[in-house]
Amino acid sequence: MKAKQRDKNYFWDKFGDFKTIIETTGTTNFQGVEYSGSIISSLKEIAFVCEKKDFIYIIPWSDINSVTSKKTFTSNNIYLTYDNSSKNLIFKFTNVESVIAIEVLFQVLDEQKTTLETQKDLLRTKEKEIELLKKELNTLQSNKDSLATNLYTNHSEFQQAKDNFPVLTQNNAENYDSINDEKTTDNILRESFIVVGLNYENRHNKLKKMINSMKKNEEFIFLYEDLRGNELIEELELGGELFEIANYESVPGVYLEKEPNNIYDSNAIKVMISNEYGKFNVGYIPKENAESLNDHLDNIVACTAYIYGGKYKKFDYIEERIVTKEKNYGLKLEISYFK
């Protein structure tokens, strides 16, 4: 049975976007007033409409706690409880089909509601698990950073001991031990520079060849931070790049040499390498730093040439695998000198 046309017109004038799936006629008693009209339902709401008394009452299905019915030869009733079972409403029908249709609709919606609540509970559980995993990951990352810092510090100390504070200019190589005892660490300045000019005179290839020779002789502590298999995958899935040679590794035998006859800059300072793997000019101190450093070149007491670049691994999210790529090697100098 369909709803009364005048009730439908009256209702749709006010709620034109209401998507009706059940409509029928019926009666109800609301707050002591008897209404005879139409019942119209969508998947979201059920409404009672009485155009004659200018009455519309809508209940969201999500607020309805239960739907029960009573079917007899003389009457067919639907009993609704809603708002956390605090309210009740009775719809009376002249046909049993409308009662059955509303009961079935409520059962379907109630099952969906139960399923949705279950899914929400699962989602909340997963969110809690994710938060715990994030905390564990942060702890692991913190431990890793701490380990890397300690490793960097220990290796730096080892490298300095190994090189015995290599003198960085040929001029002061023999005079290093005669540095005035009054010069203490309080008078030491430290600076760092990126070596420039590696693109010229085949310097990139010379540096790469030297580093490869050092690698064959196992001069470096770890390659790819000693990560393999699943550990490597877990590290790279978080993003970023993992270089074969860590940036705390260094090239031995680096010293600085003035080049006053340089046609481009009379303050130019060459960065030289001289060790068991070869001897060559690997580049220069940046021009903007060379002039001020010239005044202190004979007072340099320590220099470490840290390696950056080279082969690295990263996770390719398109191919879903780890790929190996390569950048040019470079050097970062850390210099200590007396004021």
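Helices (H or I, at least four residues) and strands (E, at least two) are DSSP runs numbered from the N terminus. The model is predicted, with local features requiring pLDDT of at least 70 and side-chain atom pairs pLDDT 80 or more, whereas totals for chains, interfaces and linings use all residues. Residues are numbered from 1 along each chain as its sequence is written, and side-chain values use heavy atoms, with hydrogens and water left out.

The buried set in helix 3 comprises Arg203, His204, Leu207, Met210, Ile211, Met214 and Lys215. These residues cover an arc of only 145 degrees around the axis, which places them on the same side of helix 3; the arc is that of the directions from the helix axis to the C-beta atoms. The face turned away from the buried side of helix 3 carries Lys209 and Lys216, both exposed (over 50% relative accessible area). Just after helix 3, Glu218 adopts a positive phi of about 55 degrees.

Within strand 14 lies Gly310, which is buried at a relative accessible area of 0%. Gly310 and Lys327 are separated by 17 residues in sequence and by 4.9 Å in space, C-alpha to C-alpha. Residues up to four places away in sequence aside, Gly310 touches Phe243, Lys325, Glu326, Lys327, Asn328 and Tyr329.

Key: Buried < 20%, exposed > 50% of the residue type's maximum accessible area, 1.4 Å probe, protein only. Contact = heavy atoms within 4.5 Å.
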